[in-house]
Amino acid sequence: MAGHLRARARQRTVQNTEMTIMHQDSASELPGIPTVPHERAAAAERIARSFALPPEAFGIVNATRVDARGILPDSWIICSDGVIVDAGVTAADFKSAAARHGIDDEHTHDAHGMLLTPGYVDIHAHGAWGMSFDDGADGIRVARAGHMMHGTTRQVCSLITNPFDVLTANLRNVRDAMRERPDILGAHLEGPFLSPLHKGAHDPACLCDPTPEHVETLLDAADGCLRQITIAPELPHAMRAIGMFADAGVVAAVGHTDADYMTAVRAFDAGARLMTHLFNAMPSLHHRKPGPIPAAVEDPRVAIELIDDGFHVQDPVLRMALGFAPRRTVFVTDAMAATDCPDGPYKLGGLDVRVVGGHARLVSNGAIAGSTLLLEGAVRRAVLDLGMAPADAVAAATLIPAQVFGFDRPNAVTDAPLGLVCRGYAADVLLLGPADWAVRHVWCAGRRQR
């Protein structure tokens, strides 16, 4: 009987998913990306189930490795038990290494010169494929699949501002999913501790001050899954809250704020180590009112999120911003449910959103409501449109976001470190087209996903 009920539940999950992501039949044009609802539901289920299986042992040869260390042609790797166990150059060296590790031709992938990069790590995204991470287990499964298929092998699930009972329930959903699959790194709360003057697409009725009681409530509900939280440091209890979160191992991010320069400086001194989507939802740069941006740029302890879609921040400013904090810039998507979907009406929390030309805005006031960006697109734009060095662009989507949480070294969450194509690092690797930087093949924790 229990097995029958589980089967019925799985059937309802697939049906609900198909209903939610309908009308997505023309969203993706890349080969290997599902486009119709039942294909996307099946892909989400397949990816989720893959983590119940043991990782593969495989090799990749004849690749051009691109990671934070630079570019290395004729590269190869061998992966086993979810970890890169060997790496080198030249096909001859690969053959002897493959023999030592028992990798036969069937489990060898010839890259034919494709780019070999670490899997992308998105630390600020809300959804994809018509679903949000706020939408319970189904939403997490489907939205993760949408990003995974485009190369984001690990993700921090961002949750929108909601009433406290909803926030705590959503945190528990992420915690449960995180315990079942390694690609979910934890949760990001973008709210409710935000400035009403820079609330963006967050419900003003749910914004509040980060009192110690509120902080404890969220930490208790998260039960160790909370990775970062966005806070406006000018709020009355913000400095104490930043310290409390830092003591609990949660990265506080300055964002959705009206803070001046000195208030931002005090926030970073109190323990904040991240800036939420640079330029967006904060005072602009002004030569006599510097605001929070220079405070983050000049502090070597602080990493800076950047939405590289040319819309949240236009290209001339993006090119300037890439020089602000070399090797501290983190590409994020802030992706909402409409990501990799057609234009049309969507939801962000309880708010109505309309997507036109791939740009999401609130129906109520026209405010930007997240993005439809994928890290695949952010890296491609950085290299091909903005002229960023390939190794730096890849680092901004791999090693640097991993460093924000200490995931670039062995840790209790990911075990093997993330962010490099290197012996001892997690077997999270991508093969990209060398001309268009499009993701062609994806492995996460040693499981092939695409």
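With which side chain does the side chain of Glu376 make a polar contact? The partner is the side chain of His150, at 2.6 Å. A polar contact is a pair of N or O atoms within 3.5 Å; within protein, one must be able to donate a hydrogen and the other to accept it, and residues adjacent in sequence count only if both atoms are side-chain atoms. The model is predicted, so local features need pLDDT of at least 70 and side-chain atom pairs count only at pLDDT 80 or more, while totals for chains, interfaces and linings use all residues. Residues are numbered from 1 along each chain as its sequence is written, and side-chain values use heavy atoms, with hydrogens and water left out.

Glu376 belongs to helix 11 (residues 375–384). Helices (H or I, at least four residues) and strands (E, at least two) are DSSP runs, numbered from the N terminus. Glu376 has 3% relative accessibility and therefore counts as buried. Buried means under 20% relative accessible area, exposed over 50%, and partly exposed in between (1.4 Å probe, protein chains only). With neighbours within four places in sequence left aside, Glu376 is in contact with Leu30, Tyr120, His150, Trp437, Ala438 and Val439. Contact means heavy atoms within 4.5 Å.

A UniProt record (unreviewed entry) places the feature "binding site" at Glu190, His256 and His277. These residues span 88 residues in sequence, yet no two of their C-alpha atoms are more than 11.0 Å apart, so they gather at one spot. UniProt positions are given in the numbering used here, feature names are shortened, and annotations may be inferred rather than shown by experiment.

His256 sits in the loop between strand 12 (251–254) and helix 8 (261–270). At 4% relative accessibility, His256 is buried. The side chain of His256 reaches the backbone oxygen of His198 at 2.8 Å. Not counting residues up to four places away in sequence, His256 touches several residues, among them Glu190, His198, Lys199, His277 and Ala281.

His277 lies in the loop between strand 13 and helix 9. Its relative accessible area is 3%, and His277 is buried. The side chains of His277 and His256 are joined by a polar contact of 3.4 Å. Beyond its neighbours within four places in sequence, His277 is in contact with His124, Glu190, His256, Met282, Glu305, Ile307 and Asp334.

Glu190 also has a partner in His126. A polar contact of 2.8 Å joins the side chains of His126 and Glu190. His126 is in the loop between strand 6 (120–125) and strand 7 (127–128). His126 counts as buried, at 2% relative accessibility. Leaving aside neighbours within four places in sequence, the residues in contact with His126 include Met131, Phe133, Ser158, Glu190 and Asp334.

The UniProt record (unreviewed entry) also places the feature "binding site" at Ala201, Asn280, Ala281, Arg288, His312, Ile368, Ala369 and Gly370. This set is spread over 170 residues of sequence and is also spread in space, up to 29.7 Å between C-alpha atoms. Asn280 is found in the loop between strand 13 (274–275) and helix 9 (292–297). Arg288 also lies in the loop between strand 13 and helix 9. Asn280 is buried, at 13% relative accessibility, whereas Arg288 is exposed, with a relative accessible area of 64%. Neighbours within four places in sequence aside, Asn280 is in contact with Ile307, His312 and Val313.

Helix 8 has buried residues at Thr263, Ala264, Val265, Ala267 and Phe268. These buried residues pack against helix 7 (238–247), strand 12, strand 13 and helix 9.

Two packed helices are described by the angle between their axes and the distance between the axes. The axes of helix 2 (residues 37–50) and helix 4 (residues 136–148) come within 8 Å and cross at roughly 90°. Axes are lines fitted to C-alpha atoms, for helices over the stretch in contact, and angles run from 0 to 180 degrees between N-to-C directions. Helix 2 and helix 4 are therefore roughly perpendicular to each other. Angles under 35 degrees count as roughly parallel, over 145 as roughly antiparallel, 65 to 115 as roughly perpendicular and the rest as oblique. Ala44, Glu45, Ile47 and Ala48 of helix 2 make the contact with Arg141, Val142, Ala145 and Met148 of helix 4.
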